[in-house]
Amino acid sequence: MGHHIVRGTADETLDGRERSCTLNEVRGVSREQFTRKYPLGTIHFLLWLHGADGFSPLQRAVLLAADSAWINGQSHNYGDNVADWVETCLPMAGSSPHSRRPRRKPSRPASR
């Protein structure tokens, strides 16, 4: 698991990477589209994936420092890319994969 670019071109074959999860691969980003690479840290993806929220101000500050997320988000070079990933690929405000999944009704025990 990671957020590194592992393909030089979109059509390059990646032998031996069948069991890896790379965010740029999921979105189809290769070195050719370097400016679209995942700009945050793996921790941010994992927190989003698990629907984590409710962080204290200190915890938020620490998370914003991870992999320079705050700096990248404010940068004129990376700000648009951060916004694209956050708004398109990792939307917040209660829209983690867990909140988008249909809720299953709890199963009831069989009547006797």
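In which loop is Asp67 found? Asp67 sits in the loop between α3 (57-65) and α4 (69-74) of this predicted model. The legends below start with the whole protein and then turn to single residues.

**Figure 1. Overview of the predicted model, a protein with six helices and zero strands.** Along the sequence the elements follow the pattern α-α-α-α-α-α. The protein has 112 residues, and 29% of them count as buried. Its accessible surface comes to about 8,500 Å². Carbon and sulfur atoms hold 54% of that surface. Among contacts with a separation of 6 or more, 52% are between residues 24 or more positions apart.

**Figure 2. Asp67 and Ser68 in the loop between α3 and α4.** Most residues other than glycine have a negative phi. Asp67 has a positive phi, near 50°. Ser68 also has a positive value, with phi near 60°. Neither residue is glycine. Asp67 counts as partly exposed because its relative accessibility is 45%. Ser68 is partly exposed as well, with a relative accessible area of 34%.

**Figure 3. Helix α2 and the glycine that follows the helix.** The buried residues of α2 are Thr42, His44, Phe45, Leu47 and Trp48. In an α-helix, residues three or four places apart point the same way, because there are 3.6 residues a turn. Just after α2 comes Gly51, where phi is positive at about 65°.

Figure 4. Is His44 buried or exposed? His44 counts as buried because its relative accessibility is 16%, and the cut-off for buried is under 20%. The side chain of His44 reaches the backbone nitrogen of Gly41 at 2.9 Å. Leaving aside residues up to four places away in sequence, His44 touches Tyr38, Leu63, Ala66 and Ala69.

**Figure 5. Ser30 in the loop between α1 (23-27) and α2 (42-49).** Ser30 lies in a loop, and the residue is buried, with a relative accessible area of 1%. Which residues does Ser30 touch, not counting those up to four places away in sequence? They are Ile5, Arg7, Gly8, Thr9 and Ala10.

**Figure 6. Leu90 in the loop between α5 (79-89) and α6 (97-100).** Leu90 is buried because its relative accessible area is 7%, with under 20% as the cut-off. Not counting residues up to four places away in sequence, Leu90 touches Tyr38, Phe45, Trp48 and Trp85. Two of these contacts, Phe45 and Trp48, are with buried residues of α2. Leu90 and Trp48 are 42 residues apart along the chain. Their C-alpha atoms are separated by 6.9 Å. Tyr38 is a contact of Leu90 and also a contact of His44.

Methods
Residues are numbered from 1 along each chain as its sequence is written. This is a predicted model: local features need pLDDT of at least 70, side-chain atom pairs count only at pLDDT 80 or more; totals for chains, interfaces and linings use all residues. Side-chain values use heavy atoms; hydrogens and water are left out. Helices (H or I, at least four residues) and strands (E, at least two) are DSSP runs, numbered from the N terminus. Buried means under 20% relative accessible area, exposed over 50%, partly exposed in between (1.4 Å probe, protein chains only). Contact means heavy atoms within 4.5 Å. Accessible areas come from the Shrake-Rupley method with a 1.4 Å probe; for residues, only the protein chains shown count as cover. A polar contact is a pair of N or O atoms within 3.5 Å; within protein, one must be able to donate a hydrogen and the other to accept it, and residues adjacent in sequence count only if both atoms are side-chain atoms.
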